[in-house]
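Work through the exercises below with the model open. Try each task before reading its solution.

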Amino acid sequence: MALLELKDLHTFFRTKKGIVKAVNGVSYSVEAGRTLGVVGESGSGKSVSAMSILQLLDGNGYIDSGEILFEGRDLTKLTEKEMYSVRGNDISVIFQEPMTSLNPVFTVSRQVSEPFIIHQGMTKKQAAAKVIEMLADVKIANPHIVAKQYPHQLSGGMRQRVMIAMALACKPKLLIADEPTTALDVTIQAQILKLMNDLKEEHGTSIIFITHDLGVIRQIADDVAVMYCGQVVEMAPAGTIFMGAEFSHPYTEGLMNSIPRLSTPTHTRLDAIPGAVPHPLKLPKGCKFAPRCKYATERCLNEEPEMIHVSETQQVRCFYPRKEDRHGKK
Ligand SMILES: Nc1ncnc2c1ncn2[C@@H]1O[C@H](COP(=O)(O)OP(=O)(O)OP(=O)(O)O)[C@@H](O)[C@H]1O
C-alpha cells in the first residue's frame, strides 16, 4: 500500500474574478521510503496540491473534492485538531526560503528544540541536547556554536540544513520539500540533495520533492509526477522518464529537451517549449496542453484525455502516448 495517495483532488480558490481551479483532478501516490519528484512550470499546481495534503491553504482556498489517503486514512475528513497532530508527527514541510520560516529573534537551538518540547514533552535541557544531535545529523560542522547563533548569522545552505533538522525532528514518515534548493548555488544545492538522500536511506522517510528543474529531479527522485495546468500529465519511475522510454507525454518530452546537456555547445539555444501556460481562469476546452503541443490534432483541441496506463508503472494523459505514433501529426 502506498504511504500517501491523492485521488482526483480538486483544490480551488475564490477570487474576485471567479473560481481559480488550481488543482484539477490530481492523482499521485508516494510509496514508503521513496522520493516522488513533482515537476512542472510555475503555476501548474505543484505547491497547492502539496499544501492541500497538510491543509495549509490560503484563506480563500478550499479542497472541493477528492481524497488524500495517508496510511489509508482520508486526511480531508480530519478535524483541525487531528490535522495539527498529523503536521507535528507524521508529515513535515520545508520551503524554498528558510528566512521566512525561521524566526529572526530566536537562536537556532530555541527554534529546533520547540517541536521536541511541544510534541514530545521533553524538558528544555533534554531538548537542547537533542538539538545538538540533530544539527550533527544534518552535517553541520560545529553544532554547539551554530545552536547559539541567530538565523541571519548563517549562510543560505546552513539555514536550509537547520530547516531540514527541524522538519525531521519528530521523525516524520513523509517530508514535503517545496523547491528547497532553488535559492542555493549549485554546489550547496548538490550537498543538500545528497543530505536529503542520505536521510531518506537512514530513516526510511518518504519525500515529495517539488521543483521546476528536471536536473534536480534526476538527482533525487525515484518516481516522477509531471504536472501541467493543475493536473498530472505523466507519472512514472524516474528511470523511465530519463531513459527515453517508448511512451511519454509531449509536455514531458518538451521539458526533457529543455535540459542543457554536456554535449550542447554553449551558444546553442535550448529547445524550450513555445507558448505559455494558460491562465487558470481561461483553461482550454480539450487537452490543456494542446494549444502548445506540436502534435495536437482536432481531437486534442476538443476532447480531454484521461490518464491511461501504458505499462504497469507508467501513466500518461495523452491520446497519442506512444512517441512513434506522433510523427505524422500536425
Ligand atoms: N490564494 C490564491 N488565490 C488565487 N489563486 C491562487 C492562490 N494561491 C495559488 N493560486 C493559483 O494556483 C495556481 C497554482 O499555483 P501553485 O503555487 O501550486 O503553482 P506551482 O506549480 O507550485 O508554481 P510555482 O513553482 O511558481 O510555485 C496558480 O495559478 C496560482 O496563481
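Helices (H or I, at least four residues) and strands (E, at least two) are DSSP runs, numbered from the N terminus. This is a predicted model: local features need pLDDT of at least 70, side-chain atom pairs count only at pLDDT 80 or more, and totals for chains, interfaces and linings use all residues. Residues are numbered from 1 along each chain as its sequence is written.

**Exercise 1. Two helices**

Describe how helix 4 and helix 7 pack.

Step 1. Take the angle and the distance. Axes are lines fitted to C-alpha atoms, for helices over the stretch in contact, and angles run from 0 to 180 degrees between N-to-C directions. Helix 4 (residues 108-120) packs on helix 7 at about 25°, and the axes are 8 Å apart.

Step 2. Classify the angle. Angles under 35 degrees count as roughly parallel, over 145 as roughly antiparallel, 65 to 115 as roughly perpendicular and the rest as oblique. Helix 4 and helix 7 are therefore roughly parallel.

Step 3. List the contacts (C-beta atoms, placed from the backbone, within 7 Å). From helix 4 come V108, Q111, V112 and P115; from helix 7 come V162, A165 and M166.

Step 4. Sort these residues. Ala, Val, Leu, Ile, Met, Phe, Trp, Tyr, Cys and Pro count as nonpolar, Asp, Glu, Lys and Arg as charged, and the others, Gly among them, as polar. The contact has six nonpolar residues, one polar and no charged.

**Exercise 2. One histidine**

Is H144 buried or exposed?

Step 1. Locate H144: it lies in helix 6 (residues 143-147).

Step 2. Apply the cut-offs. With C-beta atoms placed from the backbone, a residue is buried if 20 or more others lie within 10 Å of its own, exposed if 12 or fewer, and partly exposed in between. H144 has 12 other C-beta atoms within 10 Å, so H144 is exposed.

Note on methods: Contact = placed C-beta atoms within 7 Å.
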